[in-house]
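Here's a quick walk through one model, starting with a single side chain and working out to the whole fold. Have the viewer open as you read.

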Amino acid sequence: MKFAHDFLFGAATASYQIEGAWDQDGKGPTNWDEFTKIPGKTFEGTNGDVAIDHYNRYQEDIALMAEMGLESYRFSISWARILPTGTGEINQKGIDFYNNIINECLKYGIVPFVTLYHWDLPLPLERKGAWLNRETGEAYLNFSLICFEAFGDRVKNFITFNETFVFCNLGYLAGAHPPGIQNDPKKYFQAIHNVFYTHAQTVIAYKKLNQFGEIGLSHVFSPAFSVDDSEENHFATEHANQFNLNWFYDPILLGKYPEYVVNQLTAEGNVPDWTEAELAIIAEAAPLNDFMGLNYYQPMRVEKIQGDVKEHVITRENSTGSPGNPSYDGVYRTVKMADKKYTKWDWEISSQGFIDGLDNLKALYGDIKLYITENGLGDEDPIIEGEVCDIPRIRYIEEHLSAVKTAISRGIHIKGYYAWSAIDLLSWLNGYKKQYGFIYVDHKNDLRREKKASFHWYKSVIANRGEDL
């Protein structure tokens, strides 16, 4: 089986992780510009001031993507490059930069797939309460309308938010991302609701423009599975899915929050301070979403916690997606299993978990259009005789693209695959220790770009539409 000709083979990046030029051409500071300067927050104190200097080298990078045969490029827009303080006067040089990116893509026939928010919030909005402050949502709606007006004639695929779970969980429960708050579930659930209300408003506003494009958002997709067949662990798994899947997908796709989670939050006193008008907007927007983006790296293996939870200290090292952490309410923990395969960062490699999760998603939400907006392997790539031999990445993506093919054959509506990532980039908390890209960036040699083994492999996959997978 070949992938259909309207299936997009792509790769993705995010603005803070690649652009650099953190204060160039009028860009304002962001939450990450500040947060990464706090000692101990990132591996070896790395930050995105320069990153891989994509801001000044985008033509070279997009030419390499074109050489690889990339059909679509998912990138994000830095809000503070467009509106330096988050509101107020537009920075035309920021608009110009993203117009250049879009036009450069189109020159090569690459479909631009734009993420409006990939975690980098203008610093003044961060200091005023970030996503706990409803004014942030109002400012975001204004920002999104500026982007639709500036880019919507050529961009026909918009993602409103990337991984609400991650930036809220690590921001308000783990404290590993801005604003660095730990163990505050009330703020965690409130921030999520404020983001979803903002998403709904944005979708409705976009549809009124009649730009004839598509809009959706990208969620973490990490389905939970029980470690065994015991009743207690099956309960824990259902609980995990309710809080990590249904809580995030139901309001977007069904227009309402899951009753199971709302009931528990009510008992805890953690229900968001929402209004009937906000809930009505979320319900109104749900059928207007054109697609859901899934960012899949690994499933969760879940067991019920017996007895009291021992004190669990959150650190940067255990906030990186590896198993072993308890849920905020002490009901379950994720588990590393002896019979599973893992990366060096203890992320499980499971294409079967991907397929099973997609089956479950279809059972819950029906025939929704899906894009796999992130999937890839973080690794320390070996350099052998001057060549970057990232064979494990080839094996990982090969396995997961084959899973996508299987899912499509089962009737699951997947229309594109975006490897994370197009090029090696700053890995947020891990600095440059972990590589994800098809293109290597040599930080010891003026950020020189080099094609990896996976670059040539992915080019071949695209050329033959995955027939050889």
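## Thr36 and its neighbours

The side chains of Thr36 and Tyr16 make a polar contact at 3.1 Å (an N or O pair within 3.5 Å; within protein, one atom must be able to donate a hydrogen and the other to accept it, and residues adjacent in sequence count only if both atoms are side-chain atoms). Thr36 sits in the loop between helix H2 (31–35) and H3, where helices are DSSP runs of H or I with at least four residues, numbered from the N terminus. Thr36 is buried, at 3% relative accessible area (buried is under 20%, with a 1.4 Å probe and protein chains only). Leaving out residues up to four places away in sequence, Thr36 touches Tyr16, Thr42, Gly45, Thr46 and Asn47 (heavy atoms within 4.5 Å).

This is a predicted model: local features need pLDDT of at least 70, side-chain atom pairs need 80 or more, and totals for chains, interfaces and linings use all residues. Numbering runs from 1 along each chain as its sequence is written, and side-chain values use heavy atoms, without hydrogens or water.

## A bent helix

H3 covers residues 54–68 and bends by about 35° at Glu60 (the angle between axes fitted to the seven residues ending there and the seven starting there). Its buried residues include Tyr58, Asp61, Ile62 and Met65. Just after H3, Gly69 has a positive phi of about 90°.

## The whole chain

Of the 469 residues in the protein chain, 62% count as buried. The C-alpha trace spans about 55 × 50 × 45 Å along its principal axes.

Terms used:
Helices (H or I, at least four residues) and strands (E, at least two) are DSSP runs, numbered from the N terminus. The expected span of a helix is 1.5 Å times one less than its number of residues. Buried means under 20% relative accessible area, exposed over 50%, partly exposed in between (1.4 Å probe, protein chains only).
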